[in-house]
Amino acid sequence: MNARIESEPGPVKNRTTVERKSDREVVVTRTINGPARIVFEAFTKAELLKRWWVPKSMGMTLLSCEVDARVGGKYRLVFDHGGPEPAAFFGTYVEVQPYSRLAWTNEEGGEGGAVTTVTFEEKGGKTLVVLRESYPSKEALDAAGTGAADAMVETFDQLDELLVALGESSGQ
Amino acid sequence: MTLTGMKKHVGVLEQAGLVTTKKIGRVRTCQLGPRRLEEETMWLERYRQRWDERFDELDKVVEELTRKEKSDERKNRK
């Protein structure tokens, strides 16, 4: 399967493309308007990561964010998704090459977790980000897909409520 | 399209679970498989939207930091 979907090209906004490279791999690409050094920092510094990793439209709030971006270092993100218990996403950094390459494991799902590899390639002051999620098996990828889809439907039910709360808490 | 070409195309679809085929005598019959193309497309589109929203936010953060850095450089040169 090699389906490919692209977003509509906007006047300023860069396009995000997603491609299912194989049974076990999905690749996301996007150009970010800034140098690789700053994009890399936004991925590896907790105070920056937490500003963009959870967009409001996801219907989740980030409760805590810990990042130790060194080989063998851990990260841990805890979300309130409207359910009774908060959800934690965590793993270990396996590759850290400043400004060019980053890889981490996703351990919250046990053995079916993906390895995420991100490369940063600077061109003319902009950075091409290529993010690859590799699952151990086709079944693991499919499971992650449907799980995420179900979670989305669930959170959409609570989205209105959450958007109001988020609007109030951002104080605008 | 040649028969060999057709076989190859059907083979790829079959591998992806989008069609199943059955050969009876000299005739191979194809039908839609367990996995539906719409489901596949929906899954990818949801996935893409999630990352698109995330990267839109990243763009804002990076643009802000880049602007800040440039203005700091200007200040330092004065």
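A nonpolar core is a set of buried Ala, Val, Leu, Ile, Met, Phe, Trp, Tyr and Cys residues joined through C-beta atoms within 7 Å; buried means that 20 or more other C-beta atoms lie within 10 Å of a residue's own, exposed means 12 or fewer, and partly exposed lies in between, with C-beta atoms placed from the backbone.

Welcome to this predicted model, where local features need pLDDT of at least 70, side-chain atom pairs count only at pLDDT 80 or more, and totals for chains, interfaces and linings use all residues. Residues are numbered from 1 along each chain as its sequence is written, and chains are lettered from A, with ligands numbered from 1, in the order in which they are written.

The largest nonpolar core has 31 residues, and A:Ile32, A:Val39, A:Ala42, A:Leu49 and B:Val62 have the most contacts inside it. Its largest share, six residues, comes from α2(B); helices (H or I, at least four residues) and strands (E, at least two) are DSSP runs numbered from the N terminus.

Where the chains meet, chain A gives 28 residues and chain B gives 22 residues. Contact here means that C-beta atoms, placed from the backbone, lie within 7 Å.

| Element | Residues |
|---|---|
| β2 (chain A) | 16-22 |
| β3 (chain A) | 25-32 |
| α1 (chain A) | 36-44 |
| α2 (chain A) | 46-52 |
| α3 (chain A) | 138-169 |

Leaving aside residues up to four places away in sequence, B:Val62 touches A:Ile32, A:Asn33, A:Gly34, A:Ile38, A:Val39 and A:Ala42.

Finally, A:Thr117 sits in strand β8 (residues 115-123) of chain A. A:Thr117 is partly exposed because 18 other C-beta atoms lie within 10 Å.

Definitions and conventions: Contact = placed C-beta atoms within 7 Å.
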